[in-house]
Amino acid sequence: MTTFNRGRTSRRAPRHALLAACGLGLIVQPGLASAQDSDAARSETIRSSDGGLDEIIVTAPHFVPTGAISANKTDIPLIETPQSVSVITRDQIDLLHFVDVQQAVRYTAGVFGENYGPDQRYDFITVRGFTPKQYIDGLAAPISTTIYSVGVDLYAFDAVDILKGPSSVLYGNAPPGGLYNLTSRRASSTFGGEVTAQYGYEEYRPDDYKEIAATVTGPVNGSLNARMTFLYRDRDGKIDDVRSHRVFLAPTATWNIGSGTSLTGLFYFQRDKVQGDTFSFLPVYGTLLPNPNGRIPRGTNLGEPSLNIIRRHQMAAGYEFSHEFSPALTFKSNVKWNRYNEGGPEDAVYGGAGLVNTTDPEDPSYFRTVGRYNFTYFEKVRSFAMDNRLSGKFETGTVRHKVLLGVDMRNVFNYALFGFGGATEIDLYNPVYGAPQDTPPLGVSFGFPVAPFNNQRLKQTGAYAQDQVNFGDLFITLGGRYDWVRVRNYNSDTTTKQSKFTYRVGANYVTASGFSPYVSYATSFEPVLGTDANTGKEFKPSTGRQIEGGIKYDARGLPDDVKLFATASIFKINQKNVVSTAPSVTPVSGTQSGEVEVYGGELELVGRFHDQLSINASYSYNHSEVIKSAIAVEVGAPLPTTPKHKLSMFVDYTLKRGSLGGLGFGAGGRYTSSSAGSLPGPFNATVYDAPGVTLFDATVHYDIPGWRFAINGSNVFDKLYVARCASASGCGYGAGRLILGSVTRRF
């Protein structure tokens, strides 16, 4: 079998100069090695001969995951992990041309995305009913108190690991539904890379999507490897007059200092400019419910397109140091500094105030004129995070141990201001822009000064330990952690101190044929700021617990060219000490009497057969319910954006032989049942459920050595549907048809 020639000796000099430039002036950022290591075999197209017939073979060695080091912070494979973990690899991302994490979870069990449609800034997803916190290379992203995502571009990463259920034992404060970790592309000791160009349209809009991206990696000298990743994107939105621009740059380098010692530095910078509303805040009448004037067009923009410009800059710098004292003892240290700034202009205007006339049909404004808000904001986050851990392997008699000891800490400052007031009205069906607007300055709401929305510093330190004990085919995992959290709130000039012990215990029995039944129990916590309105005491941390059982299968008894990983699980999550309150400036005011329960089951399969056939399939059942609440109408209500059922499958097949060798086709469908847009309460007397929807995706691709040509379509039949109605004036349509054509040159 002959692989495609990646380059000739005469090209080494410019190649080394390019890679040296990648590492020059590098500012280092955190790293956490992934199961999809950059030095391992990568996806490529090769030409071979079988019985005199030419074959085109498209390899995807990491399409099916085998590990996710973020699940255990050590080299325990998924089959031995007593927890449901989904890994979306770079090979899967490339095949289906996922643009962001919201799209990447379309075929993942228990995870729901695009609840606000195709947002161009953040990744809005839920895991088992809860919003997960985002991690990058094993360390917390610089998230704010309101949004658990920073929207770093998916092209920057090799894999998305989704840890389902409580994960506080290794990561500290986190919601009980889980978290997700993004693993950055790493430098490789083998020269290679790609340049890819994409062009496409959404909902019959030409010139909608343009992108150029590239990544190149290889050795600079005998001990230094480098990589540079770059992306530029110019994209329209599903809403009229919305356009976004993104620039992303990420150099990285690994210095192999000596035998068993390495230092990896990473850096990324991303700049976003989004013009217009990414979510339209349409009224329920005309979207989910009938309107006498007809359905509201999908592209309706209720804001001021020329005024609503959001700018965001973010960067991260840090390092991972690894030293192997012996084959049985390794030390790793991860460090990361983050800066995040986002804001909009003072004269920005958005919809969301609702219909102004639903009673007088004689008035021209009847069911067609809506109120608007003037809203401006600014937010900055500064964070530092560190994780130091020691992992060891030893035996006591016939019992083998994998032990992990670690200490991590983070220091996060978050400052946010907003200005809020009324604005001019607009016609839903014939919007006219350009009317003069009042402009409330930052820190003013409806003419009255307010405190910053958020002005606080969080410091957290955690010490954790884990031991995987192996008795033959039985693996028992025990883990515990203690956290100290200190939050200084500058709005109220108060300091809150909270501490909590969390733990996990689980067992897997791995058979010779690759089946692994497992069971686990895990706990989580999140600090809650403020004082209980009834007791006058400071809030306790919100706590979660989960019991989970299931079976995994890794097809180890099948032929080598059959790769398969499947998980079937059932679970039950309970969250206590939930504060029942209306939204307010931190610290919140309410009473800590709430309790939430979620239970369900999941089936997930990822397979790759004979380097020809790929399958992604999943099914989820989630029953969520508010068990206790100080707001009586909440009791018995399901959690928002948590459909009971999700069913999805995508199948792709590539021809190997003949004149059509290298040509492939794929098709898939995904169904989600109805889901609530919000919890009931004082401001949501009526809860509006987004109806169930079935969407279809497809791909056509052609691969030859060094080149890939592809056309990918999502929601190919352009199904018009409402993704969410958070209130009577907060509805939005889901993602429409998106067709992307791409050309990729690999070397």
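The model is predicted, so local features need pLDDT of at least 70 and side-chain atom pairs pLDDT 80 or more, while totals for chains, interfaces and linings use all residues. Residues are numbered from 1 along each chain as its sequence is written, and side-chain values use heavy atoms, leaving out hydrogens and water.

Val-505 sits in strand S24; strands are DSSP runs of E with at least two residues, numbered from the N terminus. Together with Leu-478, Tyr-482, Trp-484, Phe-501 and Tyr-503, Val-505 makes a nonpolar surface patch of about 560 Å². Such patches take residues with over 30% relative accessible area and no salt bridge, with nonpolar side chains joined within 5 Å; a salt bridge is a side-chain nitrogen of Lys or Arg within 4 Å of a carboxyl oxygen of Asp or Glu. Areas come from the Shrake-Rupley method with a 1.4 Å probe.

Now for the inside. A nonpolar core is a set of buried Ala, Val, Leu, Ile, Met, Phe, Trp, Tyr and Cys residues joined through side-chain atoms within 4.5 Å.

| Core | Residues | Among its members |
|---|---|---|
| Largest nonpolar core | 66 residues | Ile-136, Val-152, Ile-162 |
| Another core, apart from it | 14 residues | Ile-296, Leu-302, Phe-367, Tyr-733 |

Definitions and conventions
Patches are made of residues with over 30% relative accessible area and no salt bridge: like charges are joined within 9 Å, nonpolar side chains (Val, Leu, Ile, Met, Phe, Trp, Tyr) within 5 Å. Helices (H or I, at least four residues) and strands (E, at least two) are DSSP runs, numbered from the N terminus. Buried means under 20% relative accessible area, exposed over 50%, partly exposed in between (1.4 Å probe, protein chains only).
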